[in-house]
Amino acid sequence: MTLVVEGLAKRYGDAVVFSGVDLRVERGEFVAIVGESGVGKSSLLNCLAALDTWDQGRIVHEGTDLSTLDEPGRAHWRRAHLGFVFQAFHVLPHLD
């Protein structure tokens, strides 16, 4: 498994949450995303999990560009490839 992130950016209105994120994670590799509160860690993880959209760049998992998937396709991808433990489950009110 390879996860490749290239030039990822996320904004809320005029506020830039993160930009220019490049990342490559290989099978068996562990990665920690650390930083102060409010710097965009959760927003980045939500994008990497295809739970949220991003404004620029791409996320590719095992050759599949996640931006090409519709919401049912993203849900199927998550079920097949992703485990996610939420810090607070109520922060995504559209999910049950």
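Two strands count as paired here if DSSP finds at least two bridges between them. Helices (H or I, at least four residues) and strands (E, at least two) are themselves DSSP runs, numbered from the N terminus. With those terms in hand, welcome to the structure above. It is a predicted model, in which local features need pLDDT of at least 70 and side-chain atom pairs count only at pLDDT 80 or more, while totals for chains, interfaces and linings use all residues. Residues are numbered from 1 along each chain as its sequence is written, and side-chain values use heavy atoms, with hydrogens and water left out.

**Overall layout**

The chain comes to two helices and four strands, and from the N terminus on its elements run β-β-α-β-β-α. Contact means heavy atoms within 4.5 Å. Among contacts with a separation of 6 or more, 52% are between residues 24 or more positions apart. Buried means under 20% relative accessible area, exposed means over 50%, and partly exposed lies in between (1.4 Å probe, protein chains only). By that rule, 31% of the 96 residues count as buried. The chain exposes about 6,600 Å², of which carbon and sulfur atoms supply 54%; accessible areas come from the Shrake-Rupley method with a 1.4 Å probe, and for residues only the protein chains shown count as cover.

The four strands make an open sheet in the order 2-1-3-4, with antiparallel pairing. Strand 2 and strand 4 (64-65) stand at the edges with a single partner strand each, so one side of each is left without a neighbour in the sheet.

Strand 1 (residues 2-12) and strand 2 (residues 15-26) run antiparallel and are joined by eight bridges. Along this pairing, V5 stands opposite L23, L8 opposite V21 and Y12 opposite A15. The hairpin of these two strands has two residues between them, and there G13 takes a positive phi near 65 degrees. Strand 1 is also joined to strand 3 by five bridges, again in an antiparallel arrangement, and here L3 stands opposite H61.

**The core and helix 1**

A nonpolar core is a set of buried Ala, Val, Leu, Ile, Met, Phe, Trp, Tyr and Cys residues joined through side-chain atoms within 4.5 Å. The largest one has 15 residues, and V5, L8, F18 and I59 have the most contacts inside it. Strand 1, strand 2 and helix 1 are the elements that give two or more residues to this core. Strand 2 supplies the largest share, four residues. Leaving aside residues up to four places away in sequence, V5 touches V21, D22, L23, L48, R58 and I59.

**Salt bridges**

A salt bridge is a side-chain nitrogen of Lys or Arg within 4 Å of a carboxyl oxygen of Asp or Glu. The whole structure has six of them, including these:

| Salt bridge | Closest N and O atoms |
|---|---|
| E6 and R58 | 2.7 Å |
| D52 and K10 | 3.5 Å |

Salt bridges that share partners join E6, R58 and D65 into one network. E6 forms its salt bridge with R58; E6 lies in strand 1 and R58 in strand 3, so the pair ties together parts that are 52 residues apart in sequence. E6 is partly exposed at 36% relative accessible area, R58 is partly exposed at 36%, and D65 counts as buried at 17%.

D52 forms its salt bridge with K10; D52 lies in the loop between helix 1 and strand 3 and K10 in strand 1, so this pair ties together parts that are 42 residues apart in sequence. D52 is partly exposed at 22% relative accessibility, whereas K10 is buried at 5%.

**A nonpolar surface patch**

Patches are made of residues with over 30% relative accessible area and no salt bridge, with like charges joined within 9 Å and nonpolar side chains (Val, Leu, Ile, Met, Phe, Trp, Tyr) within 5 Å. V31, I33, L45, L82, F84 and F86 form a nonpolar patch of this kind, with about 430 Å² of accessible area together.
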